[in-house]
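Please read it with the structure open.

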Amino acid sequence: MPVLLFLWVTWFGASYNIKKRTHLALTEIRSRLSYKHQFYCLVLDAVLWIAFAIIVIYHATSQTYIAYDNFAIVGGTDDVMEWWFYLATPLAWGLIVIRVLQNLAQDIKQYQRKEPFVLQASLLD
């Protein structure tokens with residue numbers, strides 16, 4: 001069961017890091033770009049995250065359904081269903097899409113006001 005619980009920790013942790021803008025950021029490159037190009041990179045990030053999320057959600061949902069449909073039980077237990085753990089992936093990736101859209105809305109507002117973008121974030125903020 002610890003391996004399956006790890007699904008919950010990793011994917012929801014990834015969504016938290018996206019919220020804090022500390023997940024997969026290329027700050028060294030972006031900080032050297034012009035303001036307009038920084039904005040384009042942030043928009044490209046959002047598009048790529050959402051496209052990848054659609055792929056992950058689609059396939060994770062089908063795998064979750066297969067585990068549900070086959071009444072798959074976690075090895076070593078009597079009545080713990082595997083699909084409960086597999087459900088973490090599509091749920092967390094749905095949350096990732098929400099976080100990406102929140103960040104994109106913030107970036108658009110900052111771009112319109114000509115405010116600097118948050119390129120180097122910290123988990124402690």
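1. In helix α1 of this predicted model, the buried residues are L4, A14, S15, N17 and I18, where buried means under 20% relative accessible area, exposed over 50% and partly exposed in between, with a 1.4 Å probe and protein chains only. They sit on the same side of α1 because they cover an arc of only 165 degrees around the axis, the arc being that of the directions from the helix axis to the C-beta atoms. The face turned away from this buried side carries the exposed residues P2, F6 and V9.

2. The cover over the buried residues of α1 includes α3 (35-69), α4 (82-86) and α5 (88-113), judged by contact, that is, heavy atoms within 4.5 Å. S15, which lies in α1, counts as buried because its relative accessibility is 2%. Once its neighbours within four places in sequence are left aside, S15 is in contact with A92, L95, I96 and R99.

3. As to its geometry, α1 comprises residues 2-19, 18 residues in total, and reaches 26 Å from its first C-alpha to its last, close to the 26 Å expected at 1.5 Å a residue; that expected span is 1.5 Å times one less than the number of residues. The helix is followed by R21, whose phi is positive, near 60 degrees.

4. Numbering starts from 1 along each chain as its sequence is written, and side-chain values use heavy atoms, with hydrogens and water left out. Because the model is predicted, local features need pLDDT of at least 70 and side-chain atom pairs count only at pLDDT 80 or more, whereas totals for chains, interfaces and linings use all residues.

5. The structure holds 12 aromatic pairs, for which rings of Phe, Tyr and Trp (its six-membered ring) must have centres within 6.5 Å, with planes under 30 degrees apart counted as stacked, over 60 as edge-to-face and the rest as tilted. The rings of Y65 and Y68 form a tilted pair, because their centres are 6.5 Å apart and their planes stand at 35 degrees. Both residues lie in helix α3, three residues apart, which is about one turn of the helix. Y65 counts as exposed at 52% relative accessibility, whereas Y68 is partly exposed at 45%.

6. Y68 also pairs with W83, this time edge-to-face, at 5.2 Å centre to centre and with 90 degrees between the planes. This pair links distant parts of the chain, since Y68 belongs to helix α3 and W83 to helix α4, 15 residues apart. W83 is partly exposed, at 22% relative accessibility.

7. A further set of ring pairs links Y35, F39, Y40, Y111 and F117 into a cluster. K114 lies over the face of Y111, at 5.5 Å from the ring centre; the criterion asks that NZ of Lys or CZ of Arg be within 6 Å of the ring centre and within 35 degrees of the ring normal.

8. For the chain as a whole, there are five helices and zero strands, both taken as DSSP runs numbered from the N terminus (helices H or I, at least four residues; strands E, at least two). The C-alpha atoms fill a box of roughly 60 × 30 × 20 Å along the principal axes, and buried residues make up 32% of the 125 residues.
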